[in-house]
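Subject: Structure handover

Hello,

Here is the structure you will be working with. Please open it alongside this email and keep the sequence at hand.

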Amino acid sequence: MPRLISNTSRALVLAALLGAAAVPALAQAKPMVAPLSTRSDAKDIHSYAQPTIARVTHVDLDLTADFAGKKMVGTAALDLKLAPGAKEVVLDSKGLVIKSITNAKGQALKWTLGAADPHLGSPLTVTLDGAKRIVIAYESAPGGAALQWLSPSQTAGKAKPYLFSQGEATLNRTWIPTQDSPGIRQTWTARIVAPEGLKAVMSAEMLTPDGEPVAGGGRAYRFKMDKPVAPYLIAIAIGDLTFQPLGKRTGVYTEPSVMKATAWELADVEKMVEAAEALYGPYRWGRYDLLVLPPSFPFGGMENPRLTFATPTIIAGDRSLVSLVAHELAHSWSGNLVTNATWADFWLNEGFTVYFENRIMESLYGKDTAAMLADLGWTDLHEAIEEAGGMTGPDTRLHIDLTGRDPDDGMTDIPYEKGAAFLRTIEKEVGRAKWDAYLRGYFDRHAFQPQTAEGFIADLRANLFKGDKALEAKIDVQRWIYQPGLPENAVHIQSKAFEPVDAQAKAFAAGGPAPLDAWKGWGTSERVRFVGQLPRKLTPAQLASVDTAFGLSAQGNSEIRFAWLQLAIANRYEPAVSSLELFLTGQGRRKFVAPLFVSLWGQGDWGQPIAKRIYAQSRPLYHAVTRETVDKTVK
Ligand code: BES
Ligand code: ZN
């Protein structure tokens, strides 16, 4: 990459680009351009952008969804903030088909696409000739990872096709040519042309709920996000969608045939927003809606601003899996308002969010419910530490080293659950009242800004520890963030409700009958705990007895079904294989799919042929995120 300006001028450039935000006198004024972090740990190794030289401030998309060609086609106009003397802007691209790049007057600009890195894609370097706005005519990457184009058979209605995107972590560069770095916040607008009969939704204000007719056919939908957001949060879906309000500023989009069950399941969403605000301050995004997607959506949920994307596997019929909504909603503060500056600090997004999610659950459903969820998280944490090589494994650190790696490598339960345990540990040391006041202030102080581990530590020192060295030493922040393993002071929330559950599991393992009465009285958390507590080796008779008594193979609750299938695979329990096959071909949530294939593969000559047979069927149904993970297992 040619160096555009000398190092000596970098400081000046930086000051210029930080703009109003760096000038104390103007600190009250809302910065037009969200500040960049100048901390040493804020350099994003997963983007080619050189934001201190030329930085995207606004993205304006004008795209047509071509379902036949499985591509988005049109233009992206980018507004730039330039350092004095800046001659080029560097964008991220992964497989984009660039047709032309012009300035605002339509005059052609020179551009080059650099060599492709398997994780990062290619730098797209545009010679500006003084332009502060550039217009890129392009098509999305053929087969690109962000977009999944579903055939009608992959939808609930089976009649119309469907498109959705997944941007986090670095996938949006396969359909949007911009600076794809979480520290480079951008406002954006979009005009999307969808085929007649399909509705487009995006993670932004929807300016045309019913669309506008387009001369050449189809309907145009317009969107506006006037708050600067990290580019991984730009998201789209197009399908046969209807909307139903849930509360005064909340609602849900989904396919018509599943709306009734979905709206019933999500009845508490408005209350969740109120609970979240009571904890950590105003919800700053206007509306909070959800989109419940077809079953191939690769995540439980994705916190796209104003429009959480969610898997249909949370529709359990008993509202027992709504903590996922609390989680994605919590990201409206931790993640979307205060955003990890780089993927090495993913825990700043997810650890804070798991902590906050649990506080929302406690507000709505009480301490016992929240404690069970937190305790299940503790079990997950220990499993994740084992998988990462035990207490000395380098990837058990919160701030991880992703040099030369895909950010996805860091996305284990460690940032989620160790991060949450860290915040619970601080809460315990300082007391809840003080901690809550601190956190509320933290979100205000860093609203619409990137954050790093160093930035968080500095903020703790300035606003929580305030010179109390003994307190700082007792918590041992450095160890928590930069060392592997789990510090001894880690707070483990132990659920009392699990004591009888564990006792039942023990009694059953020792030869007792399946505890049907107890099971009937349990909720999802206790049931998941029970199945998880059973020894990994049981007799076929024991497996058959719980399977029959509790209807495990036919479980509609995805968390219980998953826990059961893990147990069944560990025992090479043939009667559960058809249930496994249905589960793996019926949904594509990576959290369920990937571990089941790993377990199957671990079962050598019994499991591997089953894995191959099922994957041959299910692979074409999965989103690239899930496919790329399972491809590493099933060969
Ligand atoms: N932001 C994540 C999803 C994500 C993680 C996307 C990493 C891309 C890379 C989302 O908020 C999340 O954590 N989802 C969880 C559910 C949650 C309840 C723990 C999931 O999908 O399972
Ligand atoms: Zn999350």
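Predicted model: local features only at pLDDT ≥ 70, side-chain atom pairs only at ≥ 80, totals over all residues.

Residues are numbered from 1 along each chain as its sequence is written, chains are lettered from A and ligands numbered from 1 in the order in which they are written, and side-chain values use heavy atoms, without hydrogens and water.

The sheet

Helices (H or I, at least four residues) and strands (E, at least two) are DSSP runs, numbered from the N terminus. Two strands pair if DSSP finds at least two bridges between them. An open sheet of five strands has the order β16-β17-β18-β20-β19, with mixed pairing. Its edge strands, β16 (242-245) and β19 (301-302), each pair on one side only. Four bridges join β17 (residues 250-254) to β18 (residues 288-292) in the parallel sense. Opposite Leu-291 in β18 stands Tyr-253.

The helix

Helix α4 (residues 323-330) lies across β18, β19 and β20 (307-310), at about 125° to β18. That angle is taken between N-to-C directions, from 0 to 180 degrees, with axes fitted to C-alpha atoms, for helices over the stretch in contact; contact means heavy atoms within 4.5 Å. In α4, eight of eight residues are buried (under 20% relative accessible area; exposed is over 50%, partly exposed in between; 1.4 Å probe, protein chains only). Among them are Ser-323, His-327 and Ala-330.

His-331, in the loop between α4 and β21 (338-340), and Glu-350, in helix α5 (residues 346-365), are 19 residues apart. His-331 is buried at 0% relative accessible area, and Glu-350 is buried at 2%.

The loop residue

Ala-146 is in the loop between β7 (133-139) and β8 (147-150). Its relative accessibility is 0%, so Ala-146 counts as buried. Beyond its neighbours within four places in sequence, Ala-146 contacts several residues, including Phe-164, Trp-175 and His-623.

Regards
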